[in-house]
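Student: I have a structure here and would like to go through it with you. Shall we take it one question at a time?

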Amino acid sequence: MKSSEIFNPTLREVPSEAEIVSHQLLLRGGFIRKTSGGVYSYLPLAFRVLKKIMNIVREEMDRAGGQEVLMPIIQPAELWQESGRWVVYGDEMFRLKDRHNRSFALGPTHEEIITTIVKQDVHSYRDLPLLLYQIQNKYRDEIRPRFGLMRGREFIMKDLYSFDMDEAGLDLSYKKMHEAYKRIFERMNLKYRVVEADSGAIGGNESHEFMVLASSGEAQIVYCDNCHYAANVEKAQCQAQEAVKAKSIVVKALEKIHTPGVRTVDDVMQKLAVPIESIAKTLIYWADGEYVGAVIRGDRELNEIKFKNILRCNELVIADEKQIREVLGISVGSLGPIGAKFKVYADQEIEFMDNFICGANEDGYHLINVNMSRDFVPETIADLRNAVKGDSCPVCSAELDTIRGIEVGHIFKLGTKYSEVMKASFLDNNGQEKPFIMGCYGIGVSRTMAAAVEQNHDENGIIWPIPIAPYQVIIVPVNTKKTEQMELAWSLYHQLLGLGLEVIIDDRDERAGVKFKDADLTGIPLRITIGPKALQEDKVELKKRWEKETVLVAIENIVEEINRILKQY
RNA sequence: CGGGGCGUGGCGCAGCUUGGUAGCGCGUCUGAUUUGGGAUCAGAAGGCCGCAGGUUCAAAUCCUGUCGCCCCGACCA
């Protein structure tokens, strides 16, 4: 393709709306344009990248036994009412009505449709397992779309749904997908990590996320280098701190002290000159109609997902100051577990804290020398906090580390969650009617493109991993007016095309600097520069986008050299 | 939905407080000179200042409403 003909409008300046690197570079490189909030058009270069990602995904899904289908984006409300998600999904779902006033949704996901299709036409265990997948636009009316392609309202997603006759079958399907996903991200040449995840609203009991590692990632990953444990911080288990217990000292008598004006953990530290580890804080939440308190060490973060799972509640929101004052008659700074008018849930770490400090449930007072069991008995003791760097690994007890990642894949065991409510069943080999055992496995295709940029870029632009680069090679003749440069450029261009490679020739009558800047910005992995200096020695320059240095290669070897490099991918 | 900010040529912005013929840089077009990391000179095109009302002799500027966008929060792949 000639640069002069590619529709690839690059920008010198960063559009002000773009906050993160991938958004900025995809806009500047002429890959995407915004059509509406959270809705983007993919220009030719971006579409080439997407197609490469989709092809890799498709090949691996097929290899794992998947069959591709295409399902409607417009979905009738009835299907969603049947599963109960018409209500549950809430404002997140794009809804519309036709001229007859019938309700529809723009599909955020396709469990309802696929389950309906399978229910209609699959009736025997002989037809199982069945793995069906689709790669399509999906829709979520995000409260706040942001980060460009990272959190759009329209996005491209691959979803595979598995139908099995029993748990063992599901385990096998799940394992196949797990392996397929690893292959996919390896083939795309992305650094990633598989982590244990919370299955959230979709349900089910086992779930893994595939995270592309990038410092800008939204997800915090906790991992162990000693063993293979890795988990989303939402899920990562914390160990109770036995070591602390061993050092325990004499339990002192409970004491109430006057602490006017002390409101935060920091205040307590300063006022009483104590370490933050000797303070316990109490957080009040509104959980399905009642107030509950969580007690954790002063420096810890409450993990709301763990808390929610322990409470088995649907709604969990932190109470605001006004609510606390109205209901409990005290201010936030003086909350504590002793004599509380709410149910108290303690983090397991609290059990190992001796003579700690907490609010007295009385304005302007704190208690010191508090000890759990002796001074109060919580409803439950559980793992309630977020894991942090330095915690011990729940598998091997080595020290955990943390890293940030972008969630690009998520696999779930659904079980019978949908098949039961939607009455999708088959007859097993005993003639018994059984609900399908389902799994669902998603990959955010458009998000993967953005994640690849987040992970692979420098100050000059994108550095596409070769397997998903829009083109593999760009030939840059330094001066278009010099016929010997142009002749060689065209000759190399045709030779590379002849090998089936994807090549751009920058035939624009621009200054070399402009061409270099554009080539770097758009991230084409290999650049051949044809200039007078090297040409005198019958050489051209080869620049790998991911390396700093340029190397000289003899003209007669360059095609072979390019082919050799690209063959590795 | 709550809090904050912004809508002025394709992009980035100034002008608004104190109303009076809309400006800068980049990009685009023409020509010339250039040609190894976003050239120089000369010329040109392109904007009913988001939209709708209102105040005024006069509105980008003041007032009201509305739409859109961005950031923080709740939500989430």
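Student: How far is the polar side-chain atom of Arg-146 from a base nitrogen of RNA strand B?

Tutor: Happy to start there! This is a predicted model, in which local features need pLDDT of at least 70 and side-chain atom pairs count only at pLDDT 80 or more, while totals for chains, interfaces and linings use all residues. Side-chain values use heavy atoms, without hydrogens and water, residues are numbered from 1 along each chain as its sequence is written, and chains are lettered from A and ligands numbered from 1 in the order in which they are written. For Arg-146, the distance to the base nitrogen of RNA strand B is 3.1 Å.

Student: Which element gives the most residues to the surface near RNA strand B?

Tutor: Elements are DSSP runs numbered from the N terminus, with helices (H or I) of at least four residues and strands (E) of at least two. Strand E1 (32–36), helix H14 (512–522) and helix H15 (532–535) each give two or more residues to this surface. With eight residues, the top contributor is H14.

Student: How many charged residues does the surface near RNA strand B have?

Tutor: Asp, Glu, Lys and Arg count as charged, Ala, Val, Leu, Ile, Met, Phe, Trp, Tyr, Cys and Pro as nonpolar, and the others, Gly among them, as polar. The surface has ten nonpolar and seven polar residues. The charged ones number 23.

Student: Is Asn-369 buried or exposed?

Tutor: Asn-369 sits in strand E19 (residues 365–370). Buried means under 20% relative accessible area, exposed over 50%, and partly exposed in between (1.4 Å probe, protein chains only). Because its relative accessibility is 10%, Asn-369 counts as buried.

Student: And what is the phi of Lys-423?

Tutor: Good one to check! Most residues other than glycine have a negative phi. Lys-423 lies in the loop between helix H11 (417–421) and strand E22 (425–427), and counts as exposed at 65% relative accessibility. Its phi is positive, near 55°.

Notes: A polar contact is a pair of N or O atoms within 3.5 Å; within protein, one must be able to donate a hydrogen and the other to accept it, and residues adjacent in sequence count only if both atoms are side-chain atoms.
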